[in-house]
Amino acid sequence: MSSMGTTRLRRACVCLLSAALLAGVAAGTVGASVHLDGARQVSRPWEPPTRSTGSRLAEKRYAAAGDRSYIVGTTNGSFPPMGWHITGQMGGVWAHPLKLLDGYWFRLAGRWLTDAKRFTSGLGYARLDFPAVDGIRVSRTEFAPDGMPVALVGLRLRNPGASSRQMDLRAVLRSEIMAAYPWGSSQPEDAGAFNRPDHAAYDGKRGIVSFREPGKPWYALAASSVTPHDVGLGGDLWGPVTSADQGTYDQYGKGTGARLDWRLKVPARGDLTLWLAIAGSHTAKSEALHALGAALADPERLLKRKIAWRSRLWKRTAVELPDPRLQSAFDWGKMNLADLRRTVTDVHVRATNDGTAYPKPVKTLPMVSGIGAGLPDYPWFFGADGAYTTYALIASGQWTTAMDHLRAIRDFSRAINGKTGKVVHEVVTDGSVYFGSNADLGDTNETAQVAIGVDLLWRWSGSRSFLRQMYPFLRDGMRYITSKSLDPDGDGWPEGLGMVERSGMASATLDVAAYTVAALHALTGMARAMGDRKTADWARARAAGLAGRFTKDWWVAKDSLYADSMCSVGDALFDLAGCHREYQKVQQRYWTDATPMEMALAPAGDAAKSLNRLQSSTFTGRYGLYHTGKGGGSDGNGELAIWTLPNSVMAVAESNYGRVDRALFYMDAIARLLDMEQPGALPEIAPSPAYNPFQPLTSRAMFMQAWSSYGVQWPVIHEFLGIVPDIPDGRLSVIPDLPAAWPSAAVSKLRVGRSTMSANVRRETNGFTLSVAAPKGLKLLLGLVIPSGHHATTVRLDGRTVSFHLRHTLRGSEVQVSTTSGRSRTLEVYIAKGPPAG
């Protein structure tokens with residue numbers, strides 16, 4: 001251990017009344033609270049907000065997360081087995097790519113603290129409040145400092161009495177040093193065979209409990225701000241964990257235990273906080289020691305820094321919406337994205353061939369950052385998930401995470417797939433690529449979606465360096481998926497799995513087709529900017545050709561839907577998916593039927609028919625769009641589970657065609673889930689006929705999912721407020737389409753280029769007022785989507801009547817006025833019912 005770390009650990013002490021910050025956090029006075037059990041948000045000068053719950057705490061999961069480590073448990077203060085990639089092992093304490101602990105449990109005066117009465121999500125931390133123990137009030141605050149493989153737990157004891165109190169405190173730690181891969185079903189070795197028994201030791205001079213896996217540089221270390229008076233080690237130390245849960249843990253686990261005992265004096269009418277730090281490393285013990293020392297040197301300063309950073313993020317892309325539920329989902333979604341940012345070092349990249357192989361790595365990446373898909377079972381990197389989440393990361397101003405993720409996907413893909421540019425599907429934090437090599441027939445959509453995401457981020461940021469870094473990879477990928485390799489019949493539509501990932505579909509799928517056309521359009525602009533005229537001309541011609549016959553090839557008039565998939569020669573030859581001939585259209589009622597409208601490829605008439613059909617009870621339930629509509633799928637049974645991603649796609653699709661009032665249904669379906677488990681977390685799947693959100697913890701979906709924010713944030717910014725930057729071309733368009741029930745909508749501190757902008761649209765008695773402040777030097781296009789059945793009578797720019805252009809778009813009739821940025825602009829649009837005179 002470094003001398004700095006040793007000194008800091010030895011000097012760390014109990015934090016008493018001077019710990020004002022922690023006292024505020026623990027007492028609930030830091031943060032404007034939103035109580036979910038009947039209370040309302042308190043109106044006061046801005047303070048970091050919180051969300052709390054006191055119901056079903058033993059059944060709800062939560063995370064206290066940083067980019068290098070996190071804690072996942074249940075909101076009552078316990079750590080039961082959870083997750084299914086490695087059965088029961090996906091919770092606890094992680095410093096990826098390693099799991100460190102199954103959990104930790106405190107016992108005060110003989111009573112285990114696993115019965116929290118209230119759980120609170122703060123900005124960057126979690127707090128659990130427990131019933132008083134012998135008159136001592138107890139709370140637990142947890143957070144993970146960003147940039148460090150360590151998590152901190154502060155147990156605060158408050159004595160309201162007139163006399164000091166002597167209290168016995170015990171903590172039991174259960175190690176489980178386990179790699180994120182292999183999983184429970186992996187070959188040639190599963191997680192149990194790959195895992196080795198943990199060894200424990202205690203360094204009394206430093207006060208450090210050390211767990212390690214022999215033969216590997218894998219460590220989990222724990223220390224506290226007060227040296228315990230007694231420490232015990234042993235495999236039989238489980239704390240309050242039941243024998244049944246021990247059995248679940250032991251299915252793949254080989255952990256051991258540690259017991260730490262303290263005798264603490266709690267001052268009269270005072271507070272005492274004991275900090276416990278858990279650090280880990282998969283490369284060297286010295287890294288974990290350094291993190292441990294840095295964390296315990298000043299935990300309160302680290303907590304204050306964490307709250308300050310999250311507060312700045314909260315204030316970025318500051319929207320004002322008349323819908324409180326949607327407002328909360330928008331704001332807390334920003335926090336979810338920050339919680340799901342993941343950074344890993346020393347990443348060994350290998351292709352596992354669908355979990356059937358574990359070869360030597362083909363490349364080692366020194367550091368990788370990006371967005372994890374969800375917690376607890378998908379904390380790692382995906383091509384498609386990242387592409388969908390890019391929309392929300394752009395809208396929320398978290399561009400660094402988006403760029404890091406897209407670069408990481410490029411690096412993983414180049415390492416595995418070489419010059420083809422094909423995007424890999426799923427990459428575990430240790431570098432194991434589960435699926436997406438050149439030999440895998442899918443997920444073809446991801447190559448196209450990454451190109452769309454890069455183009456969008458480039459146009460919002462104007463970062464030519466980012467485009468330059470990504471362009472060769474995107475060009476190669478688009479050439480590859482449109483070549484004979486993935487389009488063997490030469491019909492222009494790439495083959496291979498898309499987002500549905502279900503057997504029984506034909507070879508070419510609708511979402512792959514829709515995303516390919518959109519990606520070719522995106523590549524055209526990027527190639528022009530890079531001076532690659534050959535690629536630009538090819539992509540433009542290819543996109544125009546496919547878009548021109550999209551309806552002919554995919555529309556199924558009798559169903560008022562596009563086909564889910566299309567038959568190839570091979571499908572017909574082997575009678576797959578009911579195929580009898582090449583180009584036969586197959587309609588199986590999958591959610592991807594909405595993707596042509598999400599990409600704005602469908603003609604307005606067909607889009608209206610398709611969206612109306614998708615809104616019917618065959619496809620849509622109380623919480624949104626079914627994965628597979630009633631009577632659908634290859635077996636005709638449907639799949640009536642409702643993911644937030646299909647709802648996101650529907651919200652964007654509806655908005656693209658001016659159906660913003662209908663988009664609100666799907667957006668609200670996501671927003672209603674905000675507190676389903678952790679307060680302030682948007683989950684992966686909604687309550688639905690085929691999914692019980694409170695089914696066993698070892699079979700549930702994610703309680704926090706990155707792509708859920710796509711369907712909340714992007715429609716608000718891109719459609720309702722109509723903000724479309726093209727910074728490389730020096731243009732910015734702001735043309736709102738306000739839902740009928742909304743009197744106004746606004747955003748400030750929205751990142752565009754190297755600065756920020758604001759926009760505010762208000763409904764007036766006889767029209768609308770739009771105010772925009774944007775960075776100078778931009779060609780500004782202001783306007784408004786005129787409500788159906790109305791026409792514009794007069795338009796004023798900055799108080800002066802001006803002529804305007806009326807343009808008919810997929811969104812409806814748009815009033816458009818050209819001007820320049822540099823100072824605040826106000827556009828007044830006066831409207832009247834009926835068509836214009838004459």
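Analyst: A pocket is an open set of points on a 1 Å grid with protein on both sides within 12 Å along at least five of seven lines. The model examined here is predicted.

User: What volume does the second largest pocket have?
Analyst: Its lining consists of 30 residues, and Tyr-378, His-425, Met-499, Glu-501 and Arg-502 lie nearest the centre. The space in this second largest pocket comes to about 750 Å³.

User: How many residues in the lining of the second largest pocket are charged?
Analyst: Helices α8 (383–395) and α18 (644–656) and strand β25 (432–435) each give at least two residues to this lining. By class, the lining holds 18 nonpolar and four polar residues, and the charged ones number eight.

User: Which helix supplies the largest share of the lining of the largest pocket?
Analyst: The largest pocket has a volume of about 1,400 Å³. It is lined by 38 residues, with Leu-456, Ala-600, Asn-656, His-718 and Val-724 closest to its centre. The lining divides into 18 nonpolar, ten polar and ten charged residues. Its largest share is five residues, from residues 445–461, helix α10.

User: Which strands are the edges of the open sheet of three strands?
Analyst: The order is β26-β29-β30, and the pairing is antiparallel. An edge strand pairs on one side only, and this applies to β26 (508–509) and β30 (585–586).

Notes:
Residues are numbered from 1 along each chain as its sequence is written. This is a predicted model: local features need pLDDT of at least 70, side-chain atom pairs count only at pLDDT 80 or more; totals for chains, interfaces and linings use all residues. Side-chain values use heavy atoms; hydrogens and water are left out. On a 1 Å grid over the protein atoms alone, a cavity is a set of points where a 1.4 Å probe fits but cannot get out, and a pocket is an open set with protein on both sides within 12 Å along at least five of seven lines; lining residues have an atom within 4 Å of a point. Grid points are joined across faces, edges and corners, and a volume is the space filled by probe spheres set on the points. Helices (H or I, at least four residues) and strands (E, at least two) are DSSP runs, numbered from the N terminus. Ala, Val, Leu, Ile, Met, Phe, Trp, Tyr, Cys and Pro count as nonpolar, Asp, Glu, Lys and Arg as charged, and the others, Gly among them, as polar. Two strands pair if DSSP finds at least two bridges between them.
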